[in-house]
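Reader: I'm new to this and would like to know where the words come from. Could you take me through the labels and show what stands behind each one?

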Amino acid sequence: MRPLIAGNWKMHGLRAEGLALARAVAAGAGGVAAELLVCPPATLIAAVAEALAGTPVAVGGQDCHEREKGPHTGDVSAPMLADAGARYVILGHSERRAEHGETDAQVRAKAMAALAAGLTPIVCVGESEAQRLAGEAEPVVARQLAGSLPEDFAVQGGVVAYEPVWAIGTGRTPTETDIAAMHGAIRAQLTRGTGGPAGARVRILYGGSVKPGNAAAILSQPDVDGALVGGASLVAADFLAIAAAAGASPARR
Ligand code: PEP
């Protein structure tokens, strides 16, 4: 499975700096084995997609509405993202779940909209620190997956990102053993029942304080098929170093 290294720029970047960052990532992408993706703010998707045309770096959105169009002031639909040049969309990020009250059911509806528009959804799941300390991390993530993923998610090539909420932007990460255990549990859930063969092909990204210094160790864990990178994706050299670490990982499935 080819690893996917995705950069979530969040609410960062005016036009000049966003374009400079995208071009710097593209300039260093040659020879990187991993697939590269940048997810700029919605205002920059079209310009970044244009700047990256003909390069191996794909563009994605950070959210989409569950409807194709309509009276939803301020929202962006999946077909609009695709029209602007996006191929992926991050959904259910913990910041959206926390700041916009997004539920699993809404994330599921958005994932269906993304798939219908030809976008690859990257659905984020992850436990809070209190839930991990209470020993509830795996059941919490299992419930989020069950509620957030549409039925045909695996068959249609959807991506899952495991992002423990307490690791995002904090510089803290779970132990490698804990990452491997969670990714194994997610894989088991994806391959249960009739989803089997397609579930085995779903890329499961790890996200939460991935940096050049810890990327190789995290990305070499079983069932870690890439990374969703926040802060470090705003520095082209750091993002590319993480991508290089993915390419250098031992034999993958
Ligand atoms: C994220 O927000 O998706 C993320 C992983 O952020 P960071 O890498 O900054 O922890």
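Reader: What makes Glu176 count as in contact with Ala217 and Gln221?

Author: The test is that heavy atoms lie within 4.5 Å. Leaving aside neighbours within four places in sequence, Glu176 passes that test with Ala217 and Gln221. Bear in mind that this is a predicted model, where local features need pLDDT of at least 70, side-chain atom pairs count only at pLDDT 80 or more, and totals for chains, interfaces and linings use all residues. Residues are numbered from 1 along each chain as its sequence is written, and side-chain values use heavy atoms, with hydrogens and water left out.

Reader: Where is Glu176 found, and how far is it from Ser220 in sequence and in space?

Author: Glu176 sits in helix α8 (residues 176-191). Helices here are DSSP runs of H or I with at least four residues, strands are runs of E with at least two, and both are numbered from the N terminus. Glu176 and Ser220 are 44 residues apart in sequence, yet 9.3 Å apart in space, C-alpha to C-alpha.

Reader: Why is Glu176 called partly exposed?

Author: Buried means under 20% relative accessible area, exposed means over 50%, and partly exposed is in between (1.4 Å probe, protein chains only). Glu176 has 40%, so it is partly exposed.

Reader: What about Asp223: which label does it get?

Author: Asp223 comes out at 17% relative accessibility, so it counts as buried. Look for it in the loop between α10 and β8.

Reader: What makes you say both faces of strand β4 are covered?

Author: In a regular strand, side chains alternate between the two faces of the sheet. In β4 (residues 88-91), Tyr88 and Ile90 on one side and Val89 and Leu91 on the other are all buried.

Reader: How do you know which strands β4 pairs with?

Author: Two strands pair if DSSP finds at least two bridges between them. Strand β3 (residues 57-61) and β4 have two bridges, in the parallel sense, with Gly61 opposite Val89. On to β5 (residues 120-125): four bridges join it to β4, again parallel, and there the partner of Val89 is Pro121.

Reader: What makes this a barrel?

Author: Eight strands close up in the order β1-β2-β3-β4-β5-β6-β7-β8, with parallel pairing. The twist averages 25° from one strand to the next, using lines fitted to C-alpha atoms as axes (for helices, over the stretch in contact) and angles from 0 to 180 degrees between N-to-C directions. As for β1 (residues 4-8) and β8 (residues 226-229), four bridges join them in parallel, and Leu4 has Gly226 as its bridge partner.

Reader: Last one: why is the protein chain called as compact as a globular protein of its length?

Author: The globule rule is 2.2 Å times the number of residues to the power 0.38, and the radius of gyration is taken over C-alpha atoms. The chain has eleven helices and eight strands. For 253 residues the rule gives 18 Å and the radius of gyration is 17 Å, which is close, so the chain is as compact as a globular protein of that length.
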